[in-house]
Amino acid sequence: MELKLHESSGGVAPDAVSVDPKASPAEFSKTASSPLGKNVPLASISGSTYVTSQLLVQQTAYKLSDKIFSFSPETFDLDNAIRDWSAAGEKNIHGETTTVVPLQTRTGAGAFALGYIFSKDFDLSKRHIPQTLLAPSLSLRHLRSALDQLSLLYGVASPFVAHIAAAEYSANDGLVTEYESALRLAEDLGLGLVSSPSAYEIQHMALLATLMAAVLPTLHVYDGLRTARETLRVVDALSEASIVDHYTNVLEIAGNLNKRLDTDTVGKVIDLLRAFNNEFGTSYSPFEYYGHEEAESVLVVFGSVESQLAKQVADSLAGEGTRVGVVNVRIYRPFIEEAFLHALPDSARQIAVLGQVHDALAVEDVSVQSTLYSDVLTAVSFTDKWAIAPAVIDVKYAASTIQTPSSIASILGGLGSKTDRAEVRFSLHSLEQTQQYTFWDVDNSVAVDSPAVLGALLARETSNNIYVHDIYDNVVQGGVIRTDIRSSRKQIEAPHNIDEADVVYVGEEKLLKEVAILKGVKSSGKLILRLPNFKSEDLDKRIPELARKDIQEKGLQLFILDSSHSPTLENEAQLLVELAFLKIARADLTLEQLSAFEWIAKDRVILGEVADSLEQALIEVEVPATWAEISADAPASTVTTSVTRNSFVPFQKNEPEQALKLQDWQSAAKGLAFKEAYATQTSLRPDLTTKSFTVHVKENRRLTPLDYDRNIFHIEFDLGDFGLTYNIGEALGIHADNDPKQVLDFIEFYGLNADDLVEVPSREDPAVFETRTVYQSLVQNIDILGKPPKRFFESLAEFATDEQEKKKLEFLGAKEGAEDFKKLSEVDTVTYVDIFEQFRSAHPAFHDLVRIVSPLKRREYSIASAQAVTPNSVALMIVVVDWVDTKGRTRYGQATRYLSGLAPGTAVTVSVKPSVMKLPTKDTAPLIMAGLGTGLAPFRAFVQYRAMQKAQGKEIGAILLYLGSRHQREEYLYGEEWEAYLDAGVITLLGAAFSRDQPQKIYIQDRMRQTMKDVVKAYIQEEGSFYLCGPTWPVPDVTAVLQEAIATEAKLSGRKVDPRKEIERLKEDGRYVLEVY
C-alpha cells in the first residue's frame, strides 16, 4: 500500500469542509451519501477535502463517462451528486454534460443500457468513451442477463464499468454489506473486479476500474453501508484537472502495451496496473500482504471494512511477535494466481479464507463454500511453492456479520488452534489518541441535526481529522439515529462503531430502556442525558436500573440537560444541545470562536442567552453508590446490544395521503374511453396485492340441525376455467361484501347519494386508483360495519363540532380512555356505523370518511378438499359467528353472514393463501391429526388425498384422526365420511371426543392418552407428523400428551430425551404443526 496517513499541522481552514458557513442548521442531512448530508459542487473536490467515498465514486464516474445508468433506490442516494452536476450542465473530460439515466431495479434491468450501447444509431465517435453503471449489489441479480450479453459482445462494445456499492436488504437483519453476488457474477461471466479497501484509495480504484474497462467489462466493488457514507477528510483528493491528466496519460500508455497479446487478459491487466502505479507513484498490487515476515497462519480477506481492520490487526499482532499475516484482495478478477502466491510468505503453514456467504444457514451448511475459498484452494493446491502445501480452510461469515477489530483478532488468534476461537477484546492503536463521541436520539428530535452541525464545526480545525457516520434504525422507538464522531490528529482507518466513547449524548431517555447504550462509553467517560422537567427525586425512576448500574460501575460523569427552564431554551433546543456538548467535550472553544460561524446561531444575542443559561440547564449529578446494586425482583434485561441499520434516512412518519374526491359519471367515462391517457386498468379487485379469481357457489348446505344454536355449513365453489389452483392445507381468502341493507340504511342516515362516484387510491398500492360509486365502496371496499380501532376515535374527534362530543372522542382515543374504549369494543361490540350514530356532530365528508375508516380485509378459511380429487371445485367448512349485543341486537360476523346466505350460482371473489399445513414428503409417513369443530377442514383434504393414493395402489402411512365437538348428534361433522374412510382402511384410528354427551367432559387429549400406544408407534417409532387445527386452548394439553409419548418411547428404548427439547426439534423438522386461532 502506497498512500500514507498524514498528520495535520494545525490552523483554521475555512474551506476544509464543503459546507456553506452561512447555511442554517435546518439545511443539513438532506442526502444520505454526501459529506454531512450536504450537496457538494464538482469543482470543490480537490486537495484536502471532506468527502464520502460515494461522492468520490460519483466524481470519477461523472468526469469520465458518456452516460451513467443509475439503479439507485430512492433512499440509497448513490447518484444524488451526479444528478445535480448534470442538471447544472457540468462538463466531463470530453467537453460534454454527462447524461444521467435513472432506472429501476427489476427483472430485465440493464436492457436499456445494453440497447443504447449496441444501438444502430449509436454515435461511433463515442465508442471509446466509457459507459458507467451505479448500483447497489442488490441490483446485480436483475442485471445478470444484460451483463452476460455485454460480456459476449464486448469486442464491439464501449468500455463498461459498474461501480457497485455492496448493500443488500435482509428481512431479518436490515441493510447488510453483501459482496457474494458481485464475486459470483464476476466469476461466472468473466468480468473484471476491483475492490476498494478504504475511502482514501477509492478515487484511485474507481479510475483503475474505468481503465480496466478498456480490457474487459469491470466491476468496482466497495462497502455500501459504512465506507461509502462516512464523512472524512481526504488530504489529496484528485481534482477535475488531475483526473483528466492521469486518466489520459495511463490510457495512452495502456493502449500501446501488449498489442500482440490479444487474448492475454491477465497480461494486459498486469501491464495496466504497472502503468497506473508509474503514473501515480503508488505500489498497488492485485494482492497485498501485511503482518509478520515469517507468518505461519495467513488470512485472505476481501472487502472494504474487512481489509482495513485485518491489515491493522495483523500488523499489531505481528508487532507483538505473533506469526500471523493478512492478504488483502484488491483485484479479484482476473484472479492472478502468480501474484497471489507471490504475496504469501514461504513460512505459511495454514491459509484461512475470510469468505462471505449469504446468511447464517450457509455458514452452518458444510456443503456451502465461499467464492473466494474456491480460488484460493485451487491456487494453493496446484503450486510447487511449498514442499508440503499449507492447509486451506474456509472461515465463512454471513453478509449480516458486522466485523470489528475484536472479531478479526479472534479469527487471527484462533488460526492454528484446535479449539473453538475464543472471543478477544481488541482495540486499534490508532484510536488511543482519538477523541470519540456518540449521539443517540429519535429521528424526529428537534436536535437531530446537531451531530452534523458539530461535525462541520470541528472540521473547520485543520489540526484534526473528523469522521462522522450515521446509523438509522426505523423500528426502535419509531425511528432512532446513532451518530459517531471521531476526532484525531492523524488520519485513521476505523470502519466500525465506537465502543469506547469519551462523551455520549442521549436525547431521548426511553432509549436507555431499549438499547444498551452505555456499553459503548469508556470507563470514566461522560454522559449527557436530556431529561426535560428534571427533578432530582425522580432520577431513579427515569433512568432504568441496568443503566444506573452501568453508570456507577464505569465511573461515568453524568450531566442532565433540561431545557424547560425558559421559553428561549425550548425554542432553541438544537443550539442548547450543541453548546452543552461543546462545553463537556470541547471546553477550549470560546463563545467568540463559535459566534464566527453563523450556522451555529444566526443571532449572536440568542447565542449569548443560551450560553448563559447553560449553568442552569446543564447539571452534573453525583452518582450514588447504591446504583451499583440490582434489586432481587428486577425484571430480566430486554435491551438490545445495538440498533439494526435498516434505512439510510429517518422514518417517514407522516406520509402524504392522496386527496380523495367525489366525481361524476363523466370522469369515470373519460378514464374508460381513453385508457392510455388516463392510465386506466380494469382488473378484478385491483386494490389487492394477491391474485384474485371469480368462482361460483356450487353447493351450500348446513351440517348442523336447523334447531341447533350453531350454524356450521359446508360450502363448495365451482372453479370454472379461471385457472385457480391450490395445494393441500392452503387457505381460501374470501373477499366478502358488507350487508347491502345495512349499507343502504347508513347511506340514508348519513345523507349520501349512493350513485355518486368516488376515486379512491388502493390501500394496498397507493399508485392504483379505483373509481366506484359510494354504494359500491361501502359494500366492497370500506369496513363500515366493522369494529373501529382506537385511532379512529382520535381521527373522528377532529370533525366533531359539538364540544362535549369532541372531548368524549378524544378521551376514547387517549390512554386515559382505555377502559371505556375496551367496554365499547369488547362488550358493546360497536361498529363504525354505531359511532357515527352516537356522535352525530362528527360528520366528515365522504372522502375523509374513506380515509379514517379501515378497508375491508379478506377472511381466510382452511380448504376442506384436495384438488387432485376434486379438480374443478374447492370446499370450505365454516361456522357462522353470531352474538347478541348489549342492546339486544343479534350481530353477525361480516364474512360468515355473507357466505351462509349465498345461493348456488352466486359469483364470489377469492384468493389463495399458503399455509403451514402440508403433507409429509413421504407417502408412508403416518399422520396424527387433531381437529376441533371446523378445525377438521384441512384434515378432510389430507384424508381425501391419501384415500386417492390408496385407491391407486400406493402404500400410505397410518392415519390417526382425533376430532372434538360438543355433541355427536348435532356436531359429528363429516361423520359419515370418516366412518367410510375407517371401513376402507384409509383411517387407521378414529378418536372422537364429544365433550358434553356424558357427565364427565371428554376432550381430544383424553382420546389421545387412551390410545397412547398408537400415538407412540405412529409419531415416534414410524416418524409421523402431528397436526392440530382449531382454537388455541387445547395446545398445552395436547402438547403434554405428545411429550408423554416421547418420554414413553424413550423409556422403552433406554434413551435419555428431554421431551420439551424434542418437541422443539420436531417443530423445526415440520413434524409438529399448529394452525390455531
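**Close-up 1. Polar contact between the side chains of His735 and Ser911.** In this predicted model, the side chains of His735 and Ser911 make a polar contact at 3.0 Å. His735 lies in the loop that runs between strand S27 (731-734) and helix H24 (740-750). Because its relative accessible area is 5%, which falls under the 20% cut-off, His735 counts as buried.

**Close-up 2. The largest nonpolar core and the surroundings of Leu193.** The largest nonpolar core holds 134 residues, of which Leu193, Leu219, Leu299, Val300, Phe340, Val376 and Leu412 touch the most other members. Helix H6 (residues 202-212) gives the most to this core, contributing seven residues. In soluble globular proteins, nonpolar side chains tend to be buried together. When residues up to four places away in sequence are not counted, Leu193 touches Ala182, Leu183, Ala186, Thr218, Leu219, Val221, Phe302, Arg330, Ile331, Tyr332 and Arg333.

**Close-up 3. A nonpolar patch on the surface around Leu153.** Leu152, Leu153 and Val156 form a nonpolar surface patch, and together they have about 320 Å² of accessible area.

Key:
Residues numbered from 1 in each chain as written. Predicted model: local features only at pLDDT ≥ 70, side-chain atom pairs only at ≥ 80, totals over all residues. Heavy atoms only, no water. Patch = residues over 30% accessible without salt bridge, like charges linked within 9 Å, V, L, I, M, F, W, Y side chains within 5 Å. Areas by Shrake-Rupley, 256 points an atom, 1.4 Å probe, with all protein chains shown as cover. Salt bridge = Lys/Arg side-chain N within 4 Å of Asp/Glu carboxyl O. Core = buried A, V, L, I, M, F, W, Y, C linked by side-chain atoms within 4.5 Å. Buried < 20%, exposed > 50% of the residue type's maximum accessible area, 1.4 Å probe, protein only. Helix = DSSP H or I, 4+ residues; strand = E, 2+ residues; numbered from the N terminus. Contact = heavy atoms within 4.5 Å. Polar contact = N/O pair within 3.5 Å; in protein donor to acceptor, adjacent residues only side chain to side chain.
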